[in-house]
Amino acid sequence: MDEPARLYGFPKTRFVADFIGHINQLEAQVVEVTHGHLRLSVAGLGEIIAPPLKDVAVGSRGVFAIRPEQVRIGIHGELDELKNHYTGVVQHLLYRGEVSMYKVALANGAMIEALLPNAAPGKAELFKAGDALKLGWRHDAGMFLYD
C-alpha cells in the first residue's frame with residue numbers, strides 16, 4: 001500500500017510494476033554497483049545504466065523495467081547523448097489520439113513499447129511499421145527489479 005504515484009513510478013516488485021499500468025521489462029543481470037548507478041547486462045542487447053538500488057549485489061538477476069512514456073525514439077544519429085540508446089525496427093503502431101504507441105523490436109529480439117505525444121500540428125505518425133530507428137532513455141529512468 002502506498003500513494004498511486006509511488007506505486008506507478010517506483011514499484012517494488014515485478015507484479016506491482018505490471019499491475020499498475022504498462023511497463024517494459026528486459027531480463028537483466030547486475031554487473032556493477034556504485035552509489036550513483038547500476039550497470040546491467042541484457043543478453044543480445046548490451047549494457048544498460050540504471051538508477052542505484054539499495055542492497056543489490058553483482059550477479060543479481062531480475063529485469064530492467066521502464067515505462068513506455070520514458071522511452072524516446074528518433075532516427076539514427078539522434079539520442080546519442082543518452083547513455084542508454086539502441087537500434088530497433090518498428091513492428092506495430094497504434095494511434096491513440098493524443099499519443100501514438102510504438103512497439104519496437106530490438107536487436108536481441110525483445111520488444112519494447114514507446115509512447116510519443118501527437119502534439120505537433122499535421123501528420124501524427126512519425127514512423128511506420130518496418131522503419132529502423134533509435135530508441136533510448138535517460139540513465140536515471142527505469143529501475144532494476146529482482147526476480
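**Entry 1: the chain as a whole**

Before I count anything: a residue is buried when its relative accessible area is under 20%, exposed when that area is over 50%, and partly exposed in between. I also note that I am looking at a predicted model. With that cut-off, I find that buried residues make up 39% of the 147 in the chain.

Next I looked up the secondary structure, and I get two helices and eleven strands.

How much of the contacting is done by residues 24 or more positions apart? Taking the contacts with a separation of 6 or more, I find that such residues account for 63% of them.

**Entry 2: salt bridges**

I started from a general point: side chains of opposite charge can pair when their charged atoms come close. My count for this chain is seven salt bridges. I followed up some of them.

The pair I opened with is R14 and E27, whose closest N and O atoms are 3.3 Å apart. R14 sits in helix α2 (residues 14-19) and E27 in strand β1 (residues 24-33), so this bridge ties together parts 13 residues apart in sequence. I looked up the exposure of R14 too: its relative accessible area is 26%, so I log R14 as partly exposed.

Then I went to D80 and K134, where the closest N and O atoms are 2.7 Å apart. This pair links distant parts of the chain, since D80 is in the loop between β6 (76-79) and β7 (84-95) and K134 is in strand β10 (residues 132-137), 54 residues away. Are the two partners buried or exposed? D80 is partly exposed at 41% relative accessible area, while K134 is buried at 10%.

K103 and E113 also form a salt bridge, with 3.4 Å between the closest N and O atoms. Here I see strand β8 (residues 99-106), which holds K103, linked to strand β9 (residues 111-117), which holds E113; the two residues are ten apart. K103 has a relative accessible area of 33%, so I put K103 down as partly exposed. E113 counts as buried, because its relative accessibility is 13%.

One more note on charges: I found E32, R39 and E47 linked in a network of salt bridges.

**Entry 3: L115**

I stayed with strand β9, because L115 has its place there. Which residues does L115 contact, once I leave aside its neighbours within four places in sequence? My list reads P68, E69, V71, R96, V99, S100 and M101. I also checked L115 against E98: they are 17 residues apart in sequence, and their C-alpha atoms are 10.0 Å apart in space.

**Entry 4: the loop between β3 and β4**

I find D55 in the loop between β3 (46-50) and β4 (61-66). Its relative accessibility is 76%, so D55 counts as exposed.

A57 lies in the loop between β3 and β4 as well. I noted A57 as partly exposed, with a relative accessible area of 42%. Not counting residues up to four places away in sequence, A57 touches V30, V33 and Y146. For V30 I looked up the spacing: V30 and A57 are 27 residues apart along the chain, yet their C-alpha atoms are separated by 7.1 Å.

**Entry 5: the largest pocket**

Last, I turned to the largest pocket, which holds about 420 Å³ of space. I count 17 lining residues, and the closest to the pocket centre are F10, P11, L53, G142 and M143. Which elements each supply at least two lining residues? I get α1 (4-9) and β11 (143-146). The largest share, four residues, comes from β11. Sorting the lining by class, I have eleven nonpolar, three polar and three charged residues.

How values were computed: Residues numbered from 1 in each chain as written. Predicted model: local features only at pLDDT ≥ 70, side-chain atom pairs only at ≥ 80, totals over all residues. Heavy atoms only, no water. 1 Å grid on protein atoms, 1.4 Å probe; cavity = no way out; pocket = protein on both sides within 12 Å on 5 of 7 lines; lining within 4 Å. Points joined across faces, edges and corners; volume = space filled by probe spheres on them. Nonpolar A, V, L, I, M, F, W, Y, C, P; charged D, E, K, R; others polar. Salt bridge = Lys/Arg side-chain N within 4 Å of Asp/Glu carboxyl O. Buried < 20%, exposed > 50% of the residue type's maximum accessible area, 1.4 Å probe, protein only. Contact = heavy atoms within 4.5 Å.
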